[in-house]
Amino acid sequence: MPTVNVHPEGWKPAKGYANGMIGEGRMLFVGGQIGWTADQVFETDDFIGQMSQALENILAVVQEAGGSASDITRLTWYVTDKAEYLAHQREVGAAYRAVMGYHFPAMTMVVVAGLVEDRAKIEIEATAMLA
């Protein structure tokens with residue numbers, strides 16, 4: 001059974017995320033990924049660049065386990081600057097779709113005072129349901 005979106009009847013449509021996801025299979029828990037490369041090098045201090053890299057890192061872990069973006073059921077985003085995130089909504093959407101396609105799992109965003117890596121502007125953790 002592939003993962004499917006769970007949306008309560010009568011609720012307004014969720015935009016860019018799902019309220020819930022359901023599926024059967026092996027669960028993969030992906031630790032928080034930040035915007036550095038596989039060599040742990042930041043190639044940019046740009047929010048969108050780091051966000052894209054963090055999503056690519058998540059997708060690499062999911063693919064290594066035999067899955068794809070469509071198997072991701074949950075993303076939790078930790079951002080250090082809410083205003084920066086909100087100021088770039090259009091770019092966030094475009095960058096997200098470039099990596100994840102039109103798959104929108106359940107998502108939560110948390111604004112934090114800082115991340116362990118000082119240059120990191122975002123950290124994203126994921127859960128995937130693999131067949």
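This is a predicted model: local features need pLDDT of at least 70, side-chain atom pairs count only at pLDDT 80 or more; totals for chains, interfaces and linings use all residues.
A salt bridge is a side-chain nitrogen of Lys or Arg within 4 Å of a carboxyl oxygen of Asp or Glu. Side chains of opposite charge can pair when their charged atoms come close. The structure holds three salt bridges.

One of these pairs is Glu84 and Lys121. Their closest N and O atoms are 3.5 Å apart. Because this distance is within 4 Å, the pair counts as a salt bridge. Glu84 belongs to helix H2, which covers residues 82-87. Lys121 sits in the loop between S5 and S6. The two parts are 37 residues apart in sequence, so the pair ties them together. Glu84 has a relative accessible area of 17% and is buried. Lys121 has a relative accessibility of 23% and is partly exposed. The cut-off for buried is under 20%, so Glu84 falls in that class.

A salt bridge also joins the side chains of Arg119 and Asp45, at 2.9 Å from N to O. Here the pair links distant parts of the chain, 74 residues apart. Arg119 is found in the loop between strand S5 (106-111) and S6. Asp45 is found in the loop between strand S3 (26-34) and helix H1 (47-64). Arg119 is partly exposed, at a relative accessible area of 41%. Asp45 is partly exposed too, at 40% relative accessibility.

Arg74 and Glu125 form a salt bridge through their side chains, with an N to O distance of 3.8 Å. Arg74 lies in strand S4 (residues 72-79), and Glu125 lies in strand S6, so the pair ties together parts that are 51 residues apart in sequence. Arg74 is partly exposed, with 27% relative accessibility.

The surroundings of Glu125 were then examined. Strand S6, which holds Glu125, spans residues 122-130. The relative accessible area of Glu125 is 24%, and the residue is partly exposed. The side chain of Tyr78 makes a polar contact with the side chain of Glu125, at 3.2 Å. Lys15 is 110 residues from Glu125 in sequence. In space, the C-alpha atoms of Glu125 and Lys15 are 20 Å apart.

Definitions and conventions: Residues are numbered from 1 along each chain as its sequence is written. Side-chain values use heavy atoms; hydrogens and water are left out. Helices (H or I, at least four residues) and strands (E, at least two) are DSSP runs, numbered from the N terminus. Buried means under 20% relative accessible area, exposed over 50%, partly exposed in between (1.4 Å probe, protein chains only). A polar contact is a pair of N or O atoms within 3.5 Å; within protein, one must be able to donate a hydrogen and the other to accept it, and residues adjacent in sequence count only if both atoms are side-chain atoms.
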